[in-house]
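Please look over the sequence and the model shown here before reading the notes. They are meant for a reader who is new to this structure.

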Amino acid sequence: MSEIKAGAVAGILEHTVMYPVDSVKTRMQSLRPDPKAQYSSVYEALRRIIQTEGLLRPLRGLNITMLGAGPAHALYFACYERVKCTLSEVIQNGGNSHIANGLAGCVATVLHDAVMNPAEVVKQRMQMYNSPYRNLLDCVRTIRHTEGLAAFYRSYSTQLAMNIPFQAVHFMTYELMQERLNPHRQYHPGSHILSGAAAGAVSAAITTPLDVCKTLLNTQENVALSSMHISGHLTGMANAFRTVYRFGGMAAFFKGIQARVIYQMPSTAIAWSVYEFFKYFLTKQQMEGEAGTAGPV
């Protein structure tokens with residue numbers, strides 16, 4: 001139970017604290033951006049968005065992200081802890097196993113993305129420059145009416161193809177860093193922050209090409225697809241890869257990498273430090289409660 005509560009809190013904080021940078025990342029990954037939405041850096045993008053579109057514009061879509069992040073991350077961390085313990089018993093007789101950590105991260109990702117994918121679609125549609133949607137409900141209704149319910153899972157296979165290696169690298173890097181910085185696995189905030197930041201940076205950089213493809217599938221950029229004479233809706237990871245490559249070659253697969261790494265480093269540092277804190281606090285509280293209930297012998 002402590003993993004579920006800690007995971008939900010960590011997930012919401014992870015996505016909200018750095019959300020403006022995530023908005024910039026989505027725009028920077030656009031294949032055919034409007035001339036008014038072409039940015040050279042994360043700082044310049046945030047400054048121009050606030051100046052021209054208003055102070056709250058970088059937060060557009062935050063509400064759906066918060067609604068999805070709580071339950072998605074609760075499942076994510078609870079599944080990770082259970083599967084890691086089970087596999088570690090089998091592989092390493094209860095000791096730390098990098099294979100168990102990686103596999104547990106992959107299994108947890110499947111559940112997380114099943115909950116989070118519809119929220120990602122709505123979020124990225126609302127983050128785009130000149131987004132036509134008035135609000136969250138308008139976006140959901142319009143997508144469902146014009147593209148059907150399948151549109152909310154159009155990028156699910158790409159999301160999994162990106163997040164499974166992302167989370168495998170993420171968890172393995174985090175656990176490896178913990179072995180070096182916190183070998184006794186006690187609650188140690190500094191080690192959780194550093195390990196989380198390193199894990200986020202490495203996994204984000206490696207999986208940026210898949211993130212660009214996911215963004216294209218989620219946003220269905222009309223200007224970009226029309227210029228390539230693609231009618232209807234773009235579907236499938238292979239088609240997304242081909243389209244991105246035709247637009248800009250290999251360089252196009254790394255659009256927004258700066259924003260993605262800047263977003264992921266503090267986000268994963270926050271997620272792990274908050275998660276470890278709440279797990280420590282709730283476990284300690286539970287143990288004290290059990291000791292009090294047992295009473296003196």
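This is a predicted model: local features need pLDDT of at least 70, side-chain atom pairs count only at pLDDT 80 or more; totals for chains, interfaces and linings use all residues.

Residues are numbered from 1 along each chain as its sequence is written, and side-chain values use heavy atoms, with hydrogens and water left out.

- Over residues 96-180 the chain is 79% helix and 0% strand, where helices (H or I, at least four residues) and strands (E, at least two) are DSSP runs numbered from the N terminus.

**Helix α11**
- Helix α11, at residues 237-248, reaches 17 Å from its first C-alpha to its last, close to the 16 Å expected at 1.5 Å a residue, a span taken as 1.5 Å times one less than the number of residues.
- Ala240, Thr243, Val244 and Phe247 of α11 are buried, meaning under 20% relative accessible area with a 1.4 Å probe and protein chains only.
- Seen down the axis of α11, these buried residues fall within an arc of 95°, so they line one face of the helix.
- The buried residues of α11 pack against α9 (208-219) and α10 (222-227), with contact meaning heavy atoms within 4.5 Å.
- Gly249, which follows α11, has a positive phi near 65°.

**Helices α5 and α6**
- Helix α5 (residues 98-127) packs against helix α6 (residues 136-147) at an angle of about 110°, with their axes 10 Å apart.
- That makes α5 roughly perpendicular to α6, a term for angles of 65 to 115 degrees.
- Val121, Val122, Arg125 and Met126 in α5 meet α6 residues including Leu136 and Ile143.

Definitions and conventions: Buried means under 20% relative accessible area, exposed over 50%, partly exposed in between (1.4 Å probe, protein chains only). The arc is that of the directions from the helix axis to the C-beta atoms. Axes are lines fitted to C-alpha atoms, for helices over the stretch in contact, and angles run from 0 to 180 degrees between N-to-C directions. Angles under 35 degrees count as roughly parallel, over 145 as roughly antiparallel, 65 to 115 as roughly perpendicular and the rest as oblique.
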